[in-house]
Structures are given as C-alpha cells and as structure tokens.
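This report goes through one protein chain part by part. Please keep the structure open while reading.

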Amino acid sequence: MRTFPSSGRWSTSTTWPRRATGAASTALASAVFAVLDVADVILCFVYALLDGVLEDSPVRCYCHRSYDDDDDGISEATAAAVDGGDHEEVSDTLYAHGRRSAVRDALLGLLRLVVGRRGAAPPDEPMPPCKWRSPRWSDCACKSCVAWRGAGEGEAGGRLHVVVKEPDRKTAAGGRFADAAAGTRTPDRENAIFVHGFTSSSSFWAETVFGESSFILDDCRLFAVDLLGFGRSPKPANCMYRVRDHVEAIERSLIEPHGLMSGSASFHLVSHSMGCIIALALAAKHPTRVKSITLVAPPYFLPCEQRASQVALNRLAEKKLWPPLLFGSAVMSWYEHIGRTVCFLVCKNHLLWEWLFSLFTGNTDVDFRVRDLTKHTHHSAWHTMHNVICGGARLQDANLEAVVAAGIPVQVVHGADDQVVPVECSRHLMAKLPRAKLSVMDRRDHSTVVLGRERDFAEELKAFWWSAASRTQGPRFTSRMRTFSDDTDVPVCHNECSIVTRTYTPV
C-alpha cells in the first residue's frame with residue numbers, strides 16, 4: 001500500500017526552499033549595499049576636494065554633521081544664513097546617524113582619524129548666502145535651468161513657475177458649476193491648485209488633466225505649480241526645502257498674486273504623492289480658504305516607536321534589490337554622494353540625453369515624464385526628499401487634525417498596484433479622516449492612477465467639487481456607499497467613511 005508524507009513533512013519540505021531563497025536574497029542585498037556604503041564614503045572624500053577647489057563657500061555634506069549635536073550640526077550663525085535661524089522641520093534622516101550603516105560608520109570613523117573633520121566656516125562665522133552659488137559646479141547651467149535667476153536673488157527670483165488655465169468665458173459668464181439635473185448654482189468661478197509629486201513638475205497635471213478639462217472643467221480656473229527646486233522654478237542652493245519653504249513659495253508665487261487670499265476667494269487642492277504632504281500643510285494654514293482636498297497616492301504611515309521620519313524612509317526607500325524602482329529609491333535616498341553623482345551624470349547633461357533620445361527614437365518631443373526626471377538639482381531633490389517626505393511625516397497628524405476640525409471635504413485616490421507608495425498608506429489615512437472617501441483603482445499604479453484615465457479623473461473632480469460647493473449653500477450632501485462600474489458616477493460622502501474599490505478597464 002502506498003504511503004504519503006505527513007502534513008508536517010510536506011510543510012517542512014515546501015518551507016525551507018523559500019526560507020533559503022529569502023536568506024540568499026537578504027545576504028545579496030546586504031553585500032550590494034555594503035559596496036555602495038564604501039563607494040559613498042570614497043565619493044565623500046572626492047567631492048570634498050572638488051568642492052574646496054571649485055566653490056568659494058563649499059556646502060558641507062551630512063556625513064560629518066549631527067542632528068542633535070551642536071558641534072557637528074549647523075551652528076546658530078550658519079542656520080540663520082541658511083533658513084532664517086529655525087532648525088525646525090529639518091529631518092534627522094538628512095544626517096548620517098539617521099541613515100545608519102555599520103560599514104559606512106566604520107569607514108567614516110576611520111576617515112575622521114586620517115584626514116580630520118571638514119569645516120566650512122568657524123562656529124561663529126555665518127556662511128554668506130550669496131556665496132552658496134546656484135547652480136553649483138555639479139548642476140546644469142544651461143539657459144533653461146538658470147532662467148529663474150533672471151529676476152534676481154530676492155523675492156522676485158523666488159517666484160515659482162505656474163501654469164494657469166483660465167475658464168471658458170462663455171461658461172464662466174453663466175456662473176455654472178453643478179450637476180445640470182440639480183438646477184443649482186455655485187459661485188461664479190471655481191479655483192483649483194494642482195500640486196505634483198517628487199521629481200515631477202506642473203506638466204504632470206498641465207499636459208494630462210488640463211487637456212481633458214476643456215469640456216469637463218471648462219468653468220474652472222486651474223493652477224499647476226512647479227514646486228520649489230523642480231521644473232522651471234528656482235533651485236537655490238541656500239535653501240533647506242522644508243515643508244514650510246514650499247508652502248510659503250506657493251503663497252508668494254500663486255495664492256497672493258492671483259487674488260486667492262482676498263475677499264471671499266477660495267480654492268480646491270489636488271495633489272499627487274509627495275504633493276499631498278504640502279497640500280495638507282497648506283490647507284491646515286488656510287482652512288477657511290480651502291473648499292476641498294483631493295489626495296492621490298498620499299504617503300502616510302501610522303505612528304510607532306520609531307521616529308516618523310525613520311518610518312517614512314524605511315518604508316518608501318527600503319534597502320531591497322527588487323523591485324528595481326524600490327532599489328533606485330533606496331540608492332537615491334540613503335546615499336548622498338552616489339545620488340549627487342547620478343544627478344551630475346543625468347541632470348547636468350540632460351541636453352545630451354534628450355538629444356540621444358531624439359536621435360534613437362526619431363521623436364523630437366521628449367515625454368514630459370522623462371524630461372521632469374532631470375529638472376532638479378541634487379541639493380533640491382535630496383533636501384526635499386528628507387525634509388518633506390520624511391521630515392513632513394512628523395507634521396501630518398497635526399495638519400490632518402486641523403483639516404478635520406475645519407470640516408474640509410477630502411477624497412483619497414490610490415492605485416491598487418502602486419509599488420512606490422503602498423495602498424496601505426491611504427487605508428491608514430482613513431483612520432485620521434473619518435469623513436473622507438477612499439477610491440482604490442484596480443490595475444493602476446503610482447502614475448497610471450491619473451495618467452491614462454485623465455477624463456475619468458476630471459469627471460470625478462467635478463463631482464467632488466460640486467458636492468463640496470453645495471456644502472456652503474445648504475446641508476451637506478450625503479450619499480451611502482455603493483458599488484459602481486466605469487460608466488457610473490463616483491459616489492461622494494462627507495458624513496461617513498466610504499471605501500470604494502473601482503475596477504478600471506482600458507479602452
């Protein structure tokens with residue numbers, strides 16, 4: 001009679017290969033990142049020499065500075081020159097101790113013993129901001145990349161690049177913004193500010209949703225802004241790129257010049273990825289001006305014993321070799337000097353890469369997603385990554401509480417296949433926004449949650465904005481949660497949590 005192994009033997013025989021594979025993958029990842037640790041320390045020494053020769057006042061790297069130690073960190077005089085003397089909102093992940101590695105720590109300790117610590121200025125002598133040259137020698141200095149300097153280094157030179165789509169005159173004259181069947185009217189003109197994500201630009205919205213909005217959002221005034229340090233906006237080298245810096249730049253460049261702070265003016269906020277952190281901070285600062293908030297793929301993690309900034313770094317840039325996108329994020333987020341080298345090769349020489357792209361593809365029009373990847377400096381990207389995405393995690397709970405207290409309608413949209421910001425982030429966010437609506441799009445990732453379904457997204461925005469506008473004219477619009485397909489309207493609910501999973505079928 002034939003016998004079969006017991007269930008315990010089957011379990012053991014199928015589990016150990018999986019464990020062995022996992023152990024081998026972990027060992028390989030540890031070896032690869034150990035090599036990167038060595039390379040980053042070597043590059044630290046190389047850039048120290050080059051910066052000392054090529055720059056009048058070299059910007060110190062974060063390998064030999066500490067967030068908590070005043071002797072190693074930014075002195076008060078230097079902090080005053082860099083960011084107005086306020087070290088708040090600066091993430092500890094900027095510094096080497098916030099990105100700990102046994103191999104790198106040992107090499108840096110040896111390097112300190114051999115060559116001593118680098119010092120850019122005496123403790124009581126501030127670094128003049130004017131000498132922190134923008135761009136630096138490792139940044140691109142082509143005409144398009146330095147055009148922002150034409151207005152000078154003062155407030156005018158700090159104006160962001162803003163794309164404005166004015167409403168259709170015929171539609172705007174009628175003051176219509178509602179469901180035609182409802183027979184209601186809202187204020188004459190709706191304003192909406194669109195905020196892009198990391199290493200992106202206003203093109204993410206202007207070349208997608210704005211194009212589809214000609215017939216759907218034709219009675220709205222739409223603004224898409226290039227965040228500080230990205231796209232065509234200024235990229236100063238003497239800026240820490242904190243959440244506050246980005247918010248103040250939007251106020252100075254968009255909200256105030258376009259009259260969104262005067263009288264009874266108000267606006268909607270639409271943001272993607274990292275832009276959600278900035279949008280929430282902007283809403284918390286101006287709760288009476290914000291009519292609604294749409295968060296697309298927001299990075300949010302529940303608080304735990306670790307610092308919020310450490311949690312964000314470990315989740316969004318975990319040291320893994322697969323998938324490749326996560327590996328790239330880890331390299332650019334954990335290794336300051338390797339990241340600078342990548343920016344030197346890619347961003348500084350973007351004209352060469354664009355020419356090669358046109359040569360091999362025969363297409364002179366480079367895709368905006370490829371173009372946006374090169375429209376930043378390492379200084380702006382590195383500091384924004386750590387001070388906004390990681391450091392901003394510490395501010396999100398307070399900002400969310402302010403949004404809830406103000407009763408601002410919020411909707412959250414996330415792709416089920418998002419490998420950059422996991423969909424769990426939006427599910428965690430719902431615990432803080434009990435009246436928000438979450439829509440999870442099947443077979444959609446971090447970018448295709450918007451790209452490829454621009455018309456549907458614009459229609460969803462219009463429906464949500466109408467419900468937000470009706471809030472100011474009478475009782476809140478309430479709808480029970482229901483299932484729906486692509487040819488049905490998106491349900492909107494402000495009085496109870498609504499979680500909807502939507503399946504999108506490409507045409």
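## The chain as a whole

Of the 507 residues in the chain, 51% count as buried. The model is predicted. Its chain has 17 helices and eight strands. Among contacts with a separation of 6 or more, 77% come from residues 24 or more positions apart.

## Aromatic pairs

A pair of aromatic rings is described by the distance of the centres and the angle of the planes. The count here comes to 11 aromatic pairs. One of them joins F194 and W205, with 5.2 Å from centre to centre and 55 degrees between the planes, and this pair is tilted. F194 belongs to strand 2 (residues 190-195) and W205 to helix 5 (residues 203-206), so the pair ties together parts that are 11 residues apart in sequence. F194 counts as buried because its relative accessibility is 0%, and W205, also at 0%, counts as buried.

One aromatic cluster is formed by F194, F204, W205, F210, F457 and W465.

## Charges over rings

Which residue lies over the face of W334? K319 does, at 4.5 Å from the ring centre. R369 lies over the face of F368, at 5.9 Å from the ring centre.

## Helices that meet helix 14

Two packed helices are described by the angle between their axes and the distance between the axes. Helix 10 (residues 324-334) and helix 14 (residues 378-390) have axes that come within 10 Å and cross at roughly 100 degrees. Angles from 65 to 115 degrees count as roughly perpendicular, and helix 10 and helix 14 are therefore roughly perpendicular to each other. On the side of helix 10 the contact is made by M332, S333 and W334, and on the side of helix 14 by W382, M385 and H386. By class, this contact of helix 10 with helix 14 has four nonpolar residues, two polar ones and no charged ones. W334 of helix 10 is the residue with K319 over its ring face.

Helix 9 (residues 308-316) also meets helix 14: their axes come within 9 Å and cross at roughly 115 degrees. Helix 9 contributes A308, S309, A312, L313 and L316 to the contact, while helix 14 contributes M385, H386, I389 and C390. The residues of this contact of helix 9 with helix 14 divide into seven nonpolar, two polar and no charged. M385 and H386 of helix 14 take part in the contact with helix 10 and in the contact with helix 9.

## Backbone in the loops

Most residues other than glycine have a negative phi, and most peptide bonds are trans. Where does P323 sit? P323 is found in the loop between helix 9 and helix 10. The peptide bond from W322 to P323 is cis, with omega near 0 degrees.

S273 is not a glycine, yet its phi is positive, near 55 degrees. S273 has its place in the loop between strand 4 (267-272) and helix 8 (275-285). With a relative accessible area of 9%, S273 is buried. A297, another residue other than glycine, has a positive phi near 55 degrees. The loop that holds A297 runs between strand 5 (290-296) and helix 9. A297 is buried, with a relative accessible area of 0%.

How values were computed
Residues numbered from 1 in each chain as written. Predicted model: local features only at pLDDT ≥ 70, side-chain atom pairs only at ≥ 80, totals over all residues. Heavy atoms only, no water. Phe/Tyr/Trp six-rings, centres within 6.5 Å; stacked < 30°, edge-to-face > 60°. Helix = DSSP H or I, 4+ residues; strand = E, 2+ residues; numbered from the N terminus. Buried < 20%, exposed > 50% of the residue type's maximum accessible area, 1.4 Å probe, protein only. Lys NZ or Arg CZ within 6 Å of the ring centre and 35° of its normal. Axes fitted to C-alpha atoms, helices over the stretch in contact; angles between N-to-C directions. Parallel < 35°, antiparallel > 145°, perpendicular 65-115°, else oblique. Contact = heavy atoms within 4.5 Å. Nonpolar A, V, L, I, M, F, W, Y, C, P; charged D, E, K, R; others polar.
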